Amino acid sequence: MPRRSQGLEADPRKEIAALNQLGHRLHQEARYDRSLEQFWNGLVKARELGDKKWECISLNNIGMVYQSWGKFDHAMQFFRQSMKLAQEIGYSNGCAIALNNLGRLYEAWGRLDRAVENYQKGLKLACVDGELGTQRLLRLNLAMCLEKLGQFEECRVHLREVVRLDELLEHPQLELDKAYLARMEGRP
């Protein structure tokens, strides 16, 4: 009888989810090599199962690690692969997340115009799809980018919506986002 590792259910999707969760925790700890390993394992398992949604998620996460390492060209390749696959299967939240990550990449390159474009496209998809967490993320990144561009009124519009979403989602960063909005209220 085969052993189940660490008490995981027989459902392989739960195993992919656990690998994904561990990968994110390791990424937050800046243990990028270990994080990448978890996301690659998740990608392999997703492909074995033919689970295109988890494949999209894994590709995005691998791109995130490469971006953290400063390997922007590698990150771009993985974000684009994720985006293409998400479009093929009609996974609009996957597209929105890929657009967010592409926006972050363009922002890191100093291409704020392209970053805003990607954030706005992703936000449009997230709003249609009703994904509140993704909307919050995209609005926050868009607001920060607009602040850099000196577009303070539009920045405030998005920050107000971030705070509203924080309250709905009971997001742990509500107070930080309120403080950011308060700081921006004093801008012209």
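Buried means under 20% relative accessible area, exposed over 50%, and partly exposed in between, with a 1.4 Å probe and protein chains only. By that scale R187, with a relative accessible area of 34%, is partly exposed.

## Basis of the model

The model is predicted: local features need pLDDT of at least 70, side-chain atom pairs count only at pLDDT 80 or more, and totals for chains, interfaces and linings use all residues. Residues are numbered from 1 along each chain as its sequence is written, and side-chain values use heavy atoms, with hydrogens and water left out.

## Helix α7

Helices here are DSSP runs (H or I, at least four residues), as strands are (E, at least two), numbered from the N terminus. Helix α7 covers residues 132–148, 17 residues in total. From first C-alpha to last it reaches 24 Å, close to the 24 Å expected at 1.5 Å a residue; the expected span is 1.5 Å times one less than the number of residues.

Helix α7 is mostly covered, with 12 of its 17 residues buried. After α7 comes G150, whose phi is positive, near 75°.

## Nonpolar core

A nonpolar core is a set of buried Ala, Val, Leu, Ile, Met, Phe, Trp, Tyr and Cys residues joined through side-chain atoms within 4.5 Å. The largest such core has 45 residues, and I62, C155 and L159 touch the most other members. At least two residues of this core come from each of α2, α3 (52–68), α4 (72–89), α5, α6, α7, α8 and α9. In soluble globular proteins, nonpolar side chains tend to be buried together.

Leaving aside neighbours within four places in sequence, I62 is in contact with L36, F39, W40, L43 and F78. L43 is also among the residues touched by E55, together with A46, R47 and L85, not counting residues up to four places away in sequence. E55 has its place in helix α3 and is buried, with a relative accessible area of 9%.

## Salt bridges

A salt bridge is a side-chain nitrogen of Lys or Arg within 4 Å of a carboxyl oxygen of Asp or Glu. The whole structure contains 20 salt bridges. One of them joins the side chains of R187 and E147, at 3.5 Å from N to O. This pair links distant parts of the chain, 40 residues apart: R187 is in the segment after α9, and E147 is in helix α7. E147 counts as buried at 18% relative accessibility, whereas R187 is partly exposed.

Another salt bridge brings together the side chains of R156 and E153, at 2.8 Å from N to O. R156 and E153 are 3 residues apart in helix α8, so about one helical turn separates them. An α-helix has 3.6 residues a turn, so residues three or four places apart point the same way. R156 counts as buried at 6% relative accessibility, and E153 as partly exposed at 44%.

R160 forms a salt bridge with E185, with the closest N and O atoms 3.2 Å apart. Because R160 lies in helix α8 and E185 in helix α9, the pair ties together parts that are 25 residues apart in sequence. R160, with a relative accessible area of 36%, is partly exposed, and E185 is partly exposed at 39%.

## Loops with positive phi

Most residues other than glycine have a negative phi, and most peptide bonds are trans. A30 has a positive phi, near 60°, and is not a glycine. A30 lies in the loop between α1 (12–28) and α2 (32–49), and counts as partly exposed at 45% relative accessibility.

E170, also a residue other than glycine, has a positive phi near 55°. E170 lies in the loop between α8 and α9 and is exposed, with a relative accessible area of 71%.

## Nonpolar surface patch

L132, L168 and L169 make a nonpolar surface patch of about 230 Å². L168 is found in helix α8. Patches are made of residues with over 30% relative accessible area and no salt bridge; like charges are joined within 9 Å, and nonpolar side chains (Val, Leu, Ile, Met, Phe, Trp, Tyr) within 5 Å. Accessible areas come from the Shrake-Rupley method with a 1.4 Å probe, and for residues only the protein chains shown count as cover.

Conventions. Contact = heavy atoms within 4.5 Å.
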